[in-house]
Amino acid sequence: MKMFGRPHVNTRLVKLLEKKILELRGRRSQFEISAEAGFPQPTMLAMIKSGASKLPIDRVPGLAKALGVDPALLLNLTFEQTAGDTTARAFMEIFGTAVTRNEVIWLTEIREASGHVDPTMTTRARSAIRGIFGK
Amino acid sequence: MTSHHHRPVIGYLLDKPLSGNERAWIGFIRLLSDNADPSPTLATVQALRQAFVPS
């Protein structure tokens, strides 16, 4: 459900922001994170966190660094916020999803463990991954 | 759709492009980890290898 005046409140990017800013509490204030990310107005990060505004794509690298998250993860979540935006859609059509450094390691492990056979997500594979995450 | 549509965009290059199956793997990992971007541990690597041992 989209709340009036906060159209992006239920996006995964907002959830990630809330989590990371909470984790950084005591070490860096939201104001400091905002400045480090390069937002011209300190209130901009608060508006994004509240779901009132989208994260501009040109702020992804700076905010990712300020939060200590992989920029590819933040870019994907930013594109989710811009669903319907033709620029974002064109970008995703051309380049596909952005993978994080950790995901590259996962993919390398999957390729090696499977003997480079491009394995499908079988029931057994799903069970293995669920087991890894305790779900 | 050709494979070049699935290459990564931010500097982390694989030795070959992502396949459709690999996109499914990554999607499943993202779902289960709630986008926490976890790094594989020794235990996870062992579990993965076990999953591919012929039964």
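D37(B) counts as buried, at 14% relative accessibility (buried means under 20% relative accessible area, exposed over 50% and partly exposed in between, with a 1.4 Å probe and protein chains only). This is a predicted model, where local features need pLDDT of at least 70, side-chain atom pairs count only at pLDDT 80 or more, and totals for chains, interfaces and linings use all residues. Residues are numbered from 1 along each chain as its sequence is written, chains are lettered from A and ligands numbered from 1 in the order in which they are written, and side-chain values use heavy atoms, with hydrogens and water left out.

**The chain B loop and what follows**

- D37(B) sits in the loop between α1 and α2 of chain B (helices are DSSP runs of H or I with at least four residues, strands are runs of E with at least two, and both are numbered from the N terminus).
- Its phi is near 55°, a positive value in a residue other than glycine.
- D34(B) is in the loop between α1 (20-33) and α2 of chain B, and here too phi is positive, about 55°, although D34(B) is not a glycine.
- Buried or exposed: which is D34(B)? D34(B) counts as exposed, at 60% relative accessibility.
- L42(B) belongs to helix α2 (residues 42-51) of chain B and is exposed, with a relative accessible area of 62%.
- Between the C-alpha atoms of L42(B) and L32(B), 10 residues apart along the chain, there are 18 Å.

**Two crossing helices in chain A**

- Helix α2 (residues 30-37) and helix α3 (residues 43-50) of chain A have axes that come within 8 Å and cross at roughly 105° (axes are lines fitted to C-alpha atoms, for helices over the stretch in contact, and angles run from 0 to 180 degrees between N-to-C directions).
- So α2(A) is roughly perpendicular to α3(A) (65 to 115 degrees; under 35 is roughly parallel, over 145 roughly antiparallel, and the rest oblique).
- Q30(A), I33(A) and S34(A) of α2(A) meet L45(A), A46(A) and K49(A) of α3(A) (contact means heavy atoms within 4.5 Å).

**Nonpolar cores**

- The largest nonpolar core has 25 residues, and L17(A), I33(A), L55(A), L63(A), L67(A) and L74(A) touch the most other members (a core is a set of buried Ala, Val, Leu, Ile, Met, Phe, Trp, Tyr and Cys residues joined through side-chain atoms within 4.5 Å).
- α5(A) gives the most to this core, with 6 residues.
- Apart from that core lies another, of 12 residues, including W106(A), A125(A), L32(B) and L48(B).
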